[in-house]
Amino acid sequence: MSKQIYVVEDNRKNMELFIAVLETLPDLKLFTATKGKEGLELIKSGNPDIIILDIQLPDINGTEICKELREIERFRTTPIIAVSSLAMKGDKEMIMEAGFDHYISKPIMIKDFREFIQNLLK
Ligand SMILES: [Mg+2]
């Protein structure tokens with residue numbers, strides 16, 4: 001059965017990069033949203049194996065999405081990855097406290113990102 005990855009990212013170039021990389025992985029279904037609320041609804045209505053959330057989004061941010069998902073029983077253990085270019089001291093800690101499993105900083109390193117997702121899918 002194919003795995004499902006959900007990506008919420010408002011930056012077009014980054015989204016294109018995610019899609020380009022993830023499309024090279026076999027048996028994967030990709031679901032995307034560019035806004036926080038839209039992404040949250042998409043995730044809630046779906047069956048994600050991995051969730052990738054940009055932190056800075058136009059409406060609700062990735063940390064809020066993550067917190068809300070973690071309150072729902074079936075999303076308690078779903079891998080949720082934060083992607084952000086926030087670089088202030090304490091930002092990463094604040095993000096991780098929201099319940100993310102991993103943090104990836106922008107710009108995305110294509111090879112590393114691909115390997116990372118591949119390992120998570122195993
Ligand atoms: Mg953003």
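Helices (H or I, at least four residues) and strands (E, at least two) are taken as DSSP runs and numbered from the N terminus. In these terms T63 lies in helix α3. The model is a predicted one, in which local features need pLDDT of at least 70 and side-chain atom pairs count only at pLDDT 80 or more, while totals for chains, interfaces and linings use all residues. Residues are numbered from 1 along each chain as its sequence is written, and side-chain values use heavy atoms, with hydrogens and water left out.

**Helix packing**

Two helix pairs are set out below; each axis is a line fitted to C-alpha atoms, for helices over the stretch in contact, and each angle runs from 0 to 180 degrees between N-to-C directions.

| Pair | Angle | Axes apart |
|---|---|---|
| α1 (residues 12-22) and α5 (residues 110-121) | about 55° | 10 Å |
| α2 (residues 36-44) and α3 | about 25° | 10 Å |

Angles under 35 degrees count as roughly parallel, over 145 as roughly antiparallel, 65 to 115 as roughly perpendicular, and the rest as oblique. The helices α1 and α5 are therefore oblique to each other, whereas α2 and α3 are roughly parallel to each other. The crossing of α1 and α5 is right-handed, and α2 and α3 also cross in a right-handed way, where right-handed means that the near helix is turned clockwise from the far one by less than a right angle, and left-handed that it is turned anticlockwise.

With contact meaning heavy atoms within 4.5 Å, α1 contributes L17, F18, V21 and L22, which meet I110, F113, R114 and I117 of α5. By class, this contact of α1 with α5 has seven nonpolar, no polar and one charged residues; here Ala, Val, Leu, Ile, Met, Phe, Trp, Tyr, Cys and Pro count as nonpolar, Asp, Glu, Lys and Arg as charged, and the others, Gly among them, as polar. In the other pair, G36, L40, I43 and K44 of α2 meet I65, E68 and L69 of α3, and the residues of this contact divide into four nonpolar, one polar and two charged.

**Buried residues**

Buried means under 20% relative accessible area, exposed over 50%, and partly exposed in between, with a 1.4 Å probe and protein chains only. T63 is buried at a relative accessible area of 10%, and, leaving aside its neighbours within four places in sequence, T63 is in contact with I55, M94, I95, A98 and F100.

T78, in the loop between α3 (62-70) and β4 (80-84), is likewise buried, with a relative accessible area of 7%. Not counting residues up to four places away in sequence, T78 touches P48, D49, I50, I51, R70 and D101. P48 belongs to the loop between α2 and β3 (50-54) and is buried, with a relative accessible area of 9%. Under the exclusion of residues up to four places away in sequence, the contacts of P48 are Q4, Y6, I43, F75 and T78.

**Backbone features**

Most residues other than glycine have a negative phi, and most peptide bonds are trans. D27, although not a glycine, has a positive phi of about 55°; D27 sits in the loop between α1 and β2 (28-33) and is exposed, with a relative accessible area of 59%. K106 and P107 are joined by a cis peptide bond, with omega about 0°, and P107 lies in the loop between β5 (102-105) and α5.
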